Amino acid sequence: MTLNERKEFLAFVLCAASVYFSLVNVYFLGKTGRRLVYTVLVLFAVFSLYMMLTLLAVATH
């Protein structure tokens, strides 16, 4: 693994960890926090599916 790949991997892991721990903290704020966390997770799932289909369309052309 090159130095650039290590930096990118570390950046991804740190960003993912910060989002995860932020969502966990917001979840325990109460009913509003739970609703916000579920909304963010649904939006993330929709965005992931959209990006998957976009990348699939680009790769097949």
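View 1. Phe21 is exposed, with a relative accessible area of 52%; exposed means over 50%, buried under 20%, and partly exposed in between, using a 1.4 Å probe and protein chains only. This is a predicted model, in which local features need pLDDT of at least 70 and side-chain atom pairs count only at pLDDT 80 or more, while totals for chains, interfaces and linings use all residues. Residues are numbered from 1 along each chain as its sequence is written, and side-chain values use heavy atoms, with hydrogens and water left out. A search of the whole structure gives three aromatic pairs. One of them joins Tyr20 and Phe21: the ring centres are 5.2 Å apart and the planes stand at 75 degrees, so the pair is edge-to-face. Rings of Phe, Tyr and Trp (its six-membered ring) pair if their centres lie within 6.5 Å; planes under 30 degrees apart count as stacked, over 60 as edge-to-face and the rest as tilted.

**View 2. The rings of Tyr27 and Tyr38.** The centres of these two rings, Tyr27 and Tyr38, are 6.1 Å apart and their planes are at 80 degrees, so this pair is also edge-to-face. The pair links distant parts of the chain, with Tyr27 in helix 1 and Tyr38 in helix 2, 11 residues apart. Helices (H or I, at least four residues) and strands (E, at least two) are DSSP runs, numbered from the N terminus. Tyr27 is partly exposed at 25% relative accessibility, and Tyr38 is partly exposed at 47%. Ring pairs join Tyr27, Phe28 and Tyr38 into a cluster. The charged end of Arg34 sits over the ring of Tyr27, 5.1 Å from the ring centre; for this, NZ of Lys or CZ of Arg must be within 6 Å of the ring centre and within 35 degrees of the ring normal.

View 3. The largest pocket has a volume of about 190 Å³. On a 1 Å grid over the protein atoms alone, a pocket is an open set of points where a 1.4 Å probe fits, with protein on both sides within 12 Å along at least five of seven lines; lining residues have an atom within 4 Å of a point. Grid points are joined across faces, edges and corners, and the volume is the space filled by probe spheres set on the points. The lining consists of Phe12, Ala16, Val19, Tyr20, Leu23, Val40, Leu41 and Phe44. Helix 1 (3-27) and helix 2 (31-59) each supply at least two of the lining residues, and helix 1 gives the most, with five. By class, the lining has eight nonpolar, no polar and no charged residues. Ala, Val, Leu, Ile, Met, Phe, Trp, Tyr, Cys and Pro count as nonpolar, Asp, Glu, Lys and Arg as charged, and the others, Gly among them, as polar.

**View 4. Gly30 in the loop.** Gly30 lies in the loop between helix 1 and helix 2. Gly30 is buried, with a relative accessible area of 19%; buried residues make up 7% of the 61 residues in the chain.

**View 5. His61 after helix 2.** His61 lies in the segment after helix 2 and is exposed, with a relative accessible area of 84%. His61 and Glu8 are 27 Å apart in space, C-alpha to C-alpha, and 53 residues apart in sequence.
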